[in-house]
Amino acid sequence: MYRVARGTAQPFYLVDLPGYGYARGGAAAAREFEALTAGLFGLEGQDHPAYPAQLSALLIVDTRHPGLDSDRRAWRWMMETVATCAIVATKIDKLARGQRIRALDEIESVFEHPVAAVSAVTGEGLNELWKLIARLTTAA
């Protein structure tokens, strides 16, 4: 868990959950993941929790692997669990321009949601990512 303070904006916490595929390790691992996230988001003991008002989430997907089942399951879970969420496609530097366009189009089609594309290597899209985070933390 990281406390992030940027400029004059209200600080927020950034929590990096284990990959959603982590819950693929069978029923026991799925229960462990569910308990971890329920505890983190303050949802213990709630069958149908109301959105926690101050929670936003980003689903981080690898642009090279659009529409993975685990990513789609994670997105559905996020849409049911937090008030505001968005999708960030990483590693766009690994794809040629045409491949990148096709992959981003496919991701947006699969999730029926806009996608922010970023590269930690080249820095492309990072300013837009910070703006997205600012919108999410303001909306939450």
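A charge is taken to sit over a ring if NZ of Lys or CZ of Arg is within 6 Å of the ring centre and within 35 degrees of the ring normal. Arg 6 and Trp 130 meet this rule: the charged end of Arg 6 sits over the ring of Trp 130, 4.1 Å from its centre. The structure is a predicted model, in which local features need pLDDT of at least 70 and side-chain atom pairs count only at pLDDT 80 or more, while totals for chains, interfaces and linings use all residues. Residues are numbered from 1 along each chain as its sequence is written, and side-chain values use heavy atoms, with hydrogens and water left out.

Aromatic pairing was examined next. A pair of aromatic rings is described by the distance of the centres and the angle of the planes. Rings of Phe, Tyr and Trp (its six-membered ring) pair if their centres lie within 6.5 Å; planes under 30 degrees apart count as stacked, over 60 as edge-to-face and the rest as tilted. The count by this rule is 1 aromatic pair. Its members are Trp 75 and Phe 111, which are edge-to-face, with 6.1 Å centre to centre and 80° between the planes. Trp 75 belongs to helix H2 (residues 69-81) and Phe 111 to helix H3 (residues 97-111), so the pair ties together parts that are 36 residues apart in sequence. Helices (H or I, at least four residues) and strands (E, at least two) are DSSP runs, numbered from the N terminus. Both Trp 75 and Phe 111 are buried. Buried means under 20% relative accessible area, exposed over 50%, and partly exposed in between (1.4 Å probe, protein chains only).

Salt bridges follow. The term covers a side-chain nitrogen of Lys or Arg within 4 Å of a carboxyl oxygen of Asp or Glu. The whole structure holds 4 salt bridges. Asp 62, Arg 64 and Lys 91 are linked in a network of such bridges. Within it, Arg 64 bridges to Asp 62, with the closest N and O atoms 2.8 Å apart. Asp 62 is buried, at a relative accessible area of 15%. Arg 64 is partly exposed, at 35%. The side chain of Lys 91 also meets that of Asp 62 in a salt bridge (3.6 Å, N to O). Lys 91 lies in the loop between S4 and H3 and Asp 62 in strand S3 (residues 56-62), so this pair ties together parts that are 29 residues apart in sequence.

Another salt bridge joins Asp 69 and Arg 72, whose closest N and O atoms are 2.4 Å apart. Asp 69 and Arg 72 are 3 residues apart in helix H2, and therefore separated by about one helical turn. Asp 69 is partly exposed at 45% relative accessibility. Arg 72 is likewise partly exposed, at 30%.

Glu 112 is in the loop between H3 and strand S5 (115-117). At 70% relative accessibility, Glu 112 is exposed.

The loop between S4 and H3 also holds Asp 93. Asp 93 is partly exposed, with 25% relative accessibility. Its side chain is joined to that of Ser 119 by a polar contact of 2.7 Å. A polar contact is a pair of N or O atoms within 3.5 Å; within protein, one must be able to donate a hydrogen and the other to accept it, and residues adjacent in sequence count only if both atoms are side-chain atoms. Ser 119 lies in the loop between S5 and helix H4 (126-139). Ser 119 is buried, with a relative accessible area of 0%. The C-alpha atoms of Asp 93 and Ala 117 are separated by 9.8 Å, and the two residues are 24 residues apart along the chain.

On the surface, Met 1, Tyr 13, Val 15 and Leu 40 form a nonpolar patch with about 410 Å² of accessible area together. Patches are made of residues with over 30% relative accessible area and no salt bridge: like charges are joined within 9 Å, nonpolar side chains (Val, Leu, Ile, Met, Phe, Trp, Tyr) within 5 Å. Accessible areas come from the Shrake-Rupley method with a 1.4 Å probe; for residues, only the protein chains shown count as cover. Leu 40 is in helix H1 (residues 27-40). At 32% relative accessibility, Leu 40 is partly exposed.
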